[in-house]
Amino acid sequence: MENFLEIRALTRLAVCFLGLALLWTCADPEVNEPPKPEGAPAQGASSTAVVNPNLALVDELDALPGMSQELADAIQQQRPFLDMETLHALVTQHLGQEEAEKLYVRMFVPINLNSAGNTEMLLVPGVGERIAHEFEEYRPYTAIAQWKREMGKYLDDAEVDRMGRYVFVPIDLNTATEAEILAIPGVGKRMAHEFEEYRPYSNIEQFRREIGKYIDDREVARLERYVEIRPRE
């Protein structure tokens with residue numbers, strides 16, 4: 001009888017522990033989540049986002065497909081990359097061509113549609129010789145909307161929007177709106193104010209001198225890619 005009571009007490013205790021374990025499992029949402037594949041974007045991040053290697057945080061680089069610690073370190077040490085070909089030369093020291101192409105879907109230095117050469121255009125994911133030719137056909141572009149309109153003759157809207165993540169058209173320093181300035185990667189409200197503060201610019205050297213009061217030469221060179229001074233009408 002005594003043994004029966006001990007077994008009964010132990011059984012009740014085990015049931016209690018099992019109930020507590022079930023409650024803990026239900027309360028922790030991560031317990032029932034399947035493991036995330038290697039290279040998956042962080043929770044809340046867009047799987048279609050394109051990382052700019054000149055601005056990417058360490059965690060963003062580490063999450064990219066095919067990224068090794070050695071390559072991530074080299075990118076951080078050598079940036080800013082002022083064109084995609086320079087980045088490509090570094091990446092192909094660490095990755096094969098197929099791996100590099102997969103990486104460029106998620107990480108890319110935007111190319112200047114008005115000055116990029118054929119080799120650089122062909123690095124844009126999904127661009128072949130035919131579309132690269134169309135990129136050049138309508139130069140010079142004055143706005144990204146113009147490029148989208150022209151490419152819409154050959155591609156559907158979704159594909160034009162996708163390719164638009166990898167390209168840019170320089171803005172006119174003297175006429176660009178605040179929204180256009182803020183669209184430059186890495187430019188915030190304070191820097192946009194400085195861009196406008198020194199208008200009108202008579203030459204690009206003036207831009208370098210004035211903006212160089214706030215940032216170093218390497219960052220000035222990175223921002224300079226996205227701007228130009230157009231002749232006044």
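## Basis of the values

Local features of this predicted model need pLDDT of at least 70, side-chain atom pairs count only at pLDDT 80 or more, and totals for chains, interfaces and linings use all residues. Residues are numbered from 1 along each chain as its sequence is written, and side-chain values use heavy atoms, with hydrogens and water left out.

## Salt bridges

The count of salt bridges comes to 12; each is a side-chain nitrogen of Lys or Arg within 4 Å of a carboxyl oxygen of Asp or Glu. One of them joins Glu98 to Lys102, with the closest N and O atoms 3.9 Å apart. Both residues lie in helix H5, 4 residues apart, about one turn of the helix. (Helices are DSSP runs of H or I with at least four residues, strands are runs of E with at least two, and both are numbered from the N terminus.) Glu98 is exposed at 57% relative accessible area, and Lys102 is exposed at 53%. Exposed means over 50%, buried under 20% and partly exposed in between, with a 1.4 Å probe and protein chains only.

Glu150 and Lys153 form a salt bridge at 2.7 Å, N to O. Here Glu150 is buried at 12% relative accessibility, whereas Lys153 is exposed at 55%. The salt bridge of Lys213 with Glu210 has its closest N and O atoms 2.6 Å apart. Glu210 is buried, at 11%, while Lys213 is exposed, at 53%. Elsewhere, salt bridges that share partners link Glu205, Arg208 and Glu224 into one network.

## A buried arginine

Arg106 belongs to helix H5, which covers residues 97-106. Arg106 is buried but has no salt bridge; Glu60, the nearest side chain of opposite charge, is 8.0 Å away. For charge, Lys and Arg count as positive and Asp and Glu as negative, while His and the chain ends are not counted. The Arg106 side chain does reach the backbone oxygen of Ala49, at 3.3 Å.

## Lining of the largest pocket

Among the 20 residues that line the largest pocket, Ile144, Val169, Ile171, Glu180 and Ala183 are the closest to its centre. Helix H8 (144-151), strand S2 (167-168) and strand S3 (171-172) are the elements that each give two or more residues to this lining.

A pocket is an open set of points on a 1 Å grid over the protein atoms alone, where a 1.4 Å probe fits, with protein on both sides within 12 Å along at least five of seven lines; lining residues have an atom within 4 Å of a point.

Methods:
Polar contact = N/O pair within 3.5 Å; in protein donor to acceptor, adjacent residues only side chain to side chain.
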